[in-house]
Amino acid sequence: MPNPLHNLPPTAKGIVAVLRVLPRVSRPRTALLAGGVVVSAVLPIGIAVVTGLLIGAIPIAARDGADSPAADRVGTLLIAVAIAILLERLTSPLLRAAVSTLGRDVDRYLQEVVLSALARPRGIAHLEDPSVIDEVRIVRGLGMSAHRPGQTVEALPEVLTSWLRAIGSAAVLTWFHWWLGLLWLVVWPIIVYRMQRDYLRVGEEGFGQSAQLRQAEYVRDLALDPPPAKEIRLWGVLDWLVTRFDTLWQAGIGPIRRARRPRPGMVLGSASAILVINVVSYGLLAYAAVRGDLTLAALAVFVGALADANEYAVGDEHLYLSNAAVTVPKVLSLEKRLAGDSAEPGLPVGADVPAQEIRYEGVLFRYPGTERDVLTGLDLVIPAGQSLAIVGDNGAGKTSLVKLLAGFYEPTGGKISVDGTDLASLDPEAWRRRVAVLFQDFTRYHLPVRDNIGLGAPEHAGDEDMLRRAAARAGIGDLIESLPNGWDTVLSQAYTDGVDLSGGQWQRVALARAMFAVEAGAKVLVLDEPAAALDVRAEAELYERFLDLTQGLTTILISHRFSTVRRADRIAVVSGGRVIEAGGHDDLMDQDGRYAHLFRLQAERFQPVGGTDA
Ligand SMILES: Nc1ncnc2c1ncn2[C@@H]1O[C@H](COP(=O)(O)OP(=O)(O)OP(=O)(O)O)[C@@H](O)[C@H]1O
């Protein structure tokens, strides 16, 4: 059955989307919002009607005297007006407080929806998809005052109340002339619709500039963030950044600014329609009153209704609706889109996996959105419990084959199997708990050192003994003890008592994180250039302990340093996305192929007196 919501105008769809989200955020506050809106809409109409009746009753009471039934009626009407006004005054602040909290909760909820949606797919390809990144930018803006869908929630009572009031007022006017009430009923939605269409155009234009504004924000952050600060100052790029930011920002904001300019046709059309309908309404009321066709009470009621009918579609609240119309459906559709990519629950992964081997068979791989195969039919067997070193030129595909092993991407051809089972059919989370990787571009978490290490297996992060063992294996136990707050020291200068580490110290922290994952049960250890930032002594130390570190594990070591590579049980040379040589150090030297050539080349550079022993 076709969904009738598909035919709604976008703003209405946005409002419906927000309304659907509300009960998921808080049922009681949603109920309060609904009740408050109805009460806020009905009360002013009630006040207008009762005030009209009051005005009509006063001359009769004045004529009949203080003890007359007419005077009693005035008294009752007075009490009714007072109660209604009191209720109206009480409802408004209560409602405002409730929706303000609800609005903030909606912002939080939508951010959480996207955070979990982004974590759902099996790999990380979606995080590099520009269309996803553009929509993620909206999520980053969700907490900002300019783009909060929560503002829509906060505006809803005002907007819905004014709409309900306008409908109620139009209904009251039908008592005067049925066609006049109908005219108001038709004209005001058309004006609201056209205004919303304009607001929405601006919002969509803003979204369309997401990529441009993302670049501007990136350039701005280069000037604001501490990590690039050194280079920015060294090269004197600050002025360049400011100019570039200005150019990108103007280019992004220009179309939004142009879309925001009021369109004379729209403004004139709406103003004329409002003017004409008001002139007709007040003119007819005045004419009827002068002719004596209306009582004083009826005149007061109809004038009050006209005033209320004019109160719709003014104020910023209506602009906020378009925030929801643009952002909320996009956020929810992003969730739906990524849910389609969700990891199927795969086969369980035993605690001793891999027990036999990891096998790459004719693996082809091309990064999403690119034209070139990075792996071009890679065959490789990694026996369980052994160490394999991978060497090769920059860009040969070494790190890429590790990313496939960790399940961040799926091969575009061929197959990777673990103990004979296709990697793609394993439960991705369970498999990743078996794999510990020290990435070449590891993350420096601005968190306490205990978290920096514990994040290797968050479910064990409170295990002090395990943390200490991992730190000791990575050779940073003493360093941690010497920090100002020991294990609780935040690894960032941006916090009081925080400490930044040297490149080599950071690398050891990252190694400790990988070792913590090993302590927690990972069986495959991948070290991608683990000594890149280490000094000579630390590197020597690391490799002295290499056998100890890798004992019982299936280890993949990627390195350009042949002195360390040779310690591995087997070595594979990767070139152009495939393995061109594989074997032990001695075998490969005997083969006198690529490996032997590179080994001798490096050895010559480091051995001043002719030796080849790197
Ligand atoms: N996320 C990505 N999207 C698109 N292309 C990528 C991505 N990551 C890497 N590449 C490309 O894949 C190719 C192989 O990169 P990879 O990092 O696997 O090489 P590598 O052998 O590890 O190199 P190095 O020794 O320099 O670390 C390179 O040409 C690189 O540009």
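Is the crossing of H5 and H11 left-handed or right-handed? The crossing of these two helices is left-handed. The structure is a predicted model of a complex to which the predictor gives an ipTM of 0.97 and a pTM of 0.74. The protein chain has a mean pLDDT of 84, and its domain assignment gives three entries, namely domain 1, domain 2 and domain 3.

**Confidence**

- In the protein chain, 93% of the residues reach a pLDDT of 70 or more.
- Confidence is highest in strand S1 (residues 357-365), at a mean of 95, and lowest in helix H4 (residues 130-141), at 72.
- The pLDDT is below 50 over residues 609-614, a stretch that has ten contacts in the model beyond near neighbours in sequence.
- Where pLDDT is low, the predicted coordinates should not be read in detail.

**Domains**

- Between the C-alpha centres of domain 2 and domain 3 the distance is 27 Å.
- Contact between these domains involves eight residues of domain 2 and nine residues of domain 3.
- On the side of domain 2 that touches domain 3, six residues are nonpolar, none is polar and two are charged.

**Packing of H5 and H11**

- Two packed helices are described by the angle between their axes and the distance between the axes.
- For helix H5 (residues 149-174) and helix H11 (residues 296-309), the angle is about 150 degrees and the axes are 8 Å apart.
- H5 contributes Arg165, Ala166, Ser169, Ala170, Val172 and Leu173 to the contact, while H11 contributes Val301, Phe302, Ala305, Asp308 and Ala309.
- By class, the residues of this contact are eight nonpolar, one polar and two charged.

**Surroundings of the ligand**

- There are 13 residues around the ligand, of which Tyr367, Asn394, Lys398, Thr399 and Ser400 come nearest.
- Helix H13 (residues 398-405) gives the most to this shell, with three residues.
- The shell around the ligand comprises three nonpolar, eight polar and two charged residues.

**Backbone features**

- Most residues other than glycine have a negative phi, and most peptide bonds are trans.
- The peptide bond from Val353 to Pro354 is cis, with omega near 0 degrees, and Pro354 lies in the loop between helix H12 (317-340) and S1.
- Asp497 is not a glycine, yet has a positive phi of about 65 degrees; Asp497 is in the loop between helix H17 (477-481) and helix H18 (503-519).

Technical notes:
Residues are numbered from 1 along each chain as its sequence is written. This is a predicted model: local features need pLDDT of at least 70, side-chain atom pairs count only at pLDDT 80 or more; totals for chains, interfaces and linings use all residues. Axes are lines fitted to C-alpha atoms, for helices over the stretch in contact, and angles run from 0 to 180 degrees between N-to-C directions. Helices (H or I, at least four residues) and strands (E, at least two) are DSSP runs, numbered from the N terminus. A crossing is left-handed if the near helix is turned anticlockwise from the far one by less than a right angle, and right-handed if clockwise. Two residues are in contact if their C-beta atoms, placed from the backbone, lie within 7 Å. Ala, Val, Leu, Ile, Met, Phe, Trp, Tyr, Cys and Pro count as nonpolar, Asp, Glu, Lys and Arg as charged, and the others, Gly among them, as polar. A residue is near a molecule or strand if its C-beta atom, placed from the backbone, lies within 6 Å of it. pLDDT is the predictor's confidence in each residue, from 0 to 100. Domain bounds come from an automatic or database domain assignment.
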